[in-house]
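Subject: Structure handover

Hello,

Here is the structure you are taking over. My notes on what was found in it follow below.

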Protein chains: 2
Amino acid sequence: MRIVALAGGVGGAKMAHGLAQVLSAEELTILVNVGDDFDHFGLRICPDLDTVCYTLAGLANPATGWGRADESWGALETIGALGGPTWFRLGDRDLGVHLERTRRLASGMPLSQIVSHFCHAWGLFLTVLPISDDNLPTWVYTDEGEMPFQEYFVQRQCRPKVSGFQFRGVEQARPAEGVLQAIDSAEAIVICPSNPWVSIDPILAVPGVKAALSGRPVYAISPIIGGKAIKGPAAKMFTELGIRPTASAVARHYADLLKGFILDCQDRQEEEEIKVTGLRTLVTDTVMNTPLDRQRLAMEVLRFAQQ
Amino acid sequence: MRIVALAGGVGGAKMAHGLAQVLSAEELTILVNVGDDFDHFGLRICPDLDTVCYTLAGLANPATGWGRADESWGALETIGALGGPTWFRLGDRDLGVHLERTRRLASGMPLSQIVSHFCHAWGLFLTVLPISDDNLPTWVYTDEGEMPFQEYFVQRQCRPKVSGFQFRGVEQARPAEGVLQAIDSAEAIVICPSNPWVSIDPILAVPGVKAALSGRPVYAISPIIGGKAIKGPAAKMFTELGIRPTASAVARHYADLLKGFILDCQDRQEEEEIKVTGLRTLVTDTVMNTPLDRQRLAMEVLRFAQQ
């Protein structure tokens with residue numbers, strides 16, 4: 001069974017990990033958001049790619065969901081002592097990844113090849129692809145002005161009120177090698193429970209991706225449960241954009257892209273509303289607290305997609 | 001008493017530390033080699049400046065002479081696991097310094113201001129100046145071709161046979177702000193027991209520096225003791241360039257720049273040979289094994305210079 005998953009941050013990484021546990025390496029391709037990538041201290045930092053890869057490789061910090069387990073903070077402590085910016089938490093092992101990625105990018109290697117190399121080094125043999133080797137930095141329009149995503153997300157801790165998003169340069173971006181082929185040959189495409197606005201939309205905005213997904217068996221899992229996001233500003237963003245944060249709002253967000261929608265038991269009352277739009281639905285427990293939860297949810301989603 | 005010291009790596013740092021122990025902060029200016037600075041992983045690395053500052057601030061690793069005490073290696077281990085280059089030993093705390101320096105350089109701050117800021121952050125109130133804010137990378141000409149200094153020094157561990165040196169771009173380099181003023185107002189200038197070829201010569205090659213030193217009370221301490229260097233390739237370089245590595249060869253190297261020369265007791269038999277060239281001499285124990293050795297030698301050198 002060939003499956004493609006679209007993933008962003010922590011929720012996407014958990015779902016991807018669940019899928020990786022129930023599928024063989026050849027069956028699974030994970031397409032990852034690069035809109036939140038940015039340069040910091042001259043290093044190229046790809047938070048979503050790293051969160052996905054760390055999670056899949058068992059290197060992630062289970063307490064935070066981002067960054068690495070067994071991390072040390074010598075570099076950041078030093079930067080702090082020298083009066084430098086410490087708002088973006090760079091662990092030492094995490095830094096090693098950014099350094100080596102930056103070195104390889106400077107040598108002309110495309111990001112997708114670097115990710116592939118890193119995955120092999122970490123013993124991962126499934127396919128993880130950045131949606132594009134090109135830059136499409138997410139800018140957030142807010143009541144405090146427009147700002148790059150990490151400034152909004154980390155430095156200002158999502159406090160500014162959002163009015164819109166832009167993925168700068170996305171018109172010129174091309175899907176990374178293998179992206180469209182993976183979608184074309186997939187038996188199902190799973191949109192992970194990632195933030196629709198800033199994790200999935202940048203993926204969908206890359207020219208050619210939406211067209212490739214059109215008419216295909218695409219299934220999305222709601223990142224909104226009981227009106228809230230498990231993690232991150234998805235619910236806050238819906239509200240600020242004038243949309244009530246509900247599972248059905250997520251389904252509407254993806255609109256005619258979807259064949260089916262997976263929502264949490266807590267939102268059971270929304271099932272009918274979603275069904276009438278022509279979508280198949282699966283109501284199940286979508287909260288992934290443990291690795292076993294991830295595996296069970298992945299299994300249910302795949303069974304639902306196969307029906 | 002206003003003293004200027006010219007310093008390169010570990011020997012220079014030890015001497016500078018000795019001088020800092022016996023002089024007040026206002027009395028001492030240390031001019032440091034930047035010829036061995038280089039870019040690695042996109043970061044600006046200044047090994048001599050860091051060795052001097054770490055040593056003065058009590059942050060240096062006493063076992064190695066370079067790098068920091070209480071260092072961790074998470075980033076470098078990660079880079080190694082990803083197949084990246086690990087020949088240059090980047091500790092995590094050391095990396096923090098390179099990251100913050102690179103960030104400040106990218107923002108347009110000159111290196112000398114950055115060093116000044118770092119020194120204050122580390123509680124150092126004497127003046128440490130890179131000899132120049134401009135780049136003058138040392139290239140080493142060898143029987144295996146020409147190569148940047150760190151490739152020769154660290155990656156190839158000084159194995160290639162040296163035939164000459166070039167400080168690329170030094171003709172266009174200007175002394176950092178404060179360098180010429182410090183020399184002009186110094187009561188004595190001390191050339192630390194650093195490598196003459198690759199630590200002191202790049203300092204002297206910066207246009208204006210030699211002229212400023214000309215006719216001034218300049219004193220050099222021999223880095224060659226009993227035909228050997230305490231650390232590093234100085235003796236090997238002398239030999240490969242066709243010069244017997246002796247204290248008097250060092251004195252001749254600096255030629256008419258010097259008023260006096262300090263050599264080790266082990267080389268006492270060379271004193272007369274040096275004296276006949278018109279130099280005053282001091283024969284003493286110049287090996288600095290302990291912080292007390294540094295202090296004693298500094299005291300003796302200053303007394304000698306004052307005579």
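One definition is needed for the helix described next: axes are lines fitted to C-alpha atoms, for helices over the stretch in contact, and angles run from 0 to 180 degrees between N-to-C directions. Please keep in mind that this is a predicted model.

With that definition, helix α1 (residues 10-22) of chain B runs at about 160° to β1(B). The helix lies across β1 (3-7), β2 (28-32), β9 and β10 of chain B.

These strands belong to an open sheet of seven strands in chain B, with parallel pairing and the order β5-β2-β1-β9-β10-β13-β14. At its edges are β5 (127-130) and β14 (280-284) of chain B, each with a single partner strand, so one side of each has no neighbour in the sheet. From one strand to the next the twist averages 20°. Within the sheet, β9 (residues 188-191) and β10 (residues 218-221) of chain B pair in the parallel sense over three bridges. Y219(B), in β10(B), is the bridge partner of V190(B).

Now the two chains together. Chain A superposes on chain B by a rotation of 180° with 0.0 Å of shift along the axis (RMSD 0.0 Å). The two copies are thus related as by a two-fold rotation axis. Of the residues of chain A, D92(A) comes closest to that axis, its C-alpha being at 3.1 Å.

The contact takes 26 residues from chain A and 26 residues from chain B. On the chain A side, α3 (74-81), α4 (92-106) and α5 (111-121) each supply at least two residues, and α4(A) gives the most, with 10 residues. That side divides into 13 nonpolar, eight polar and five charged residues.

Regards

Notes:
Residues are numbered from 1 along each chain as its sequence is written. Chains are lettered from A and ligands numbered from 1 in the order in which they are written. This is a predicted model: local features need pLDDT of at least 70, side-chain atom pairs count only at pLDDT 80 or more; totals for chains, interfaces and linings use all residues. Copies are superposed by least squares on the C-alpha atoms of residues with pLDDT of at least 70 in both. Two residues are in contact if their C-beta atoms, placed from the backbone, lie within 7 Å. Helices (H or I, at least four residues) and strands (E, at least two) are DSSP runs, numbered from the N terminus. Ala, Val, Leu, Ile, Met, Phe, Trp, Tyr, Cys and Pro count as nonpolar, Asp, Glu, Lys and Arg as charged, and the others, Gly among them, as polar. Two strands pair if DSSP finds at least two bridges between them.
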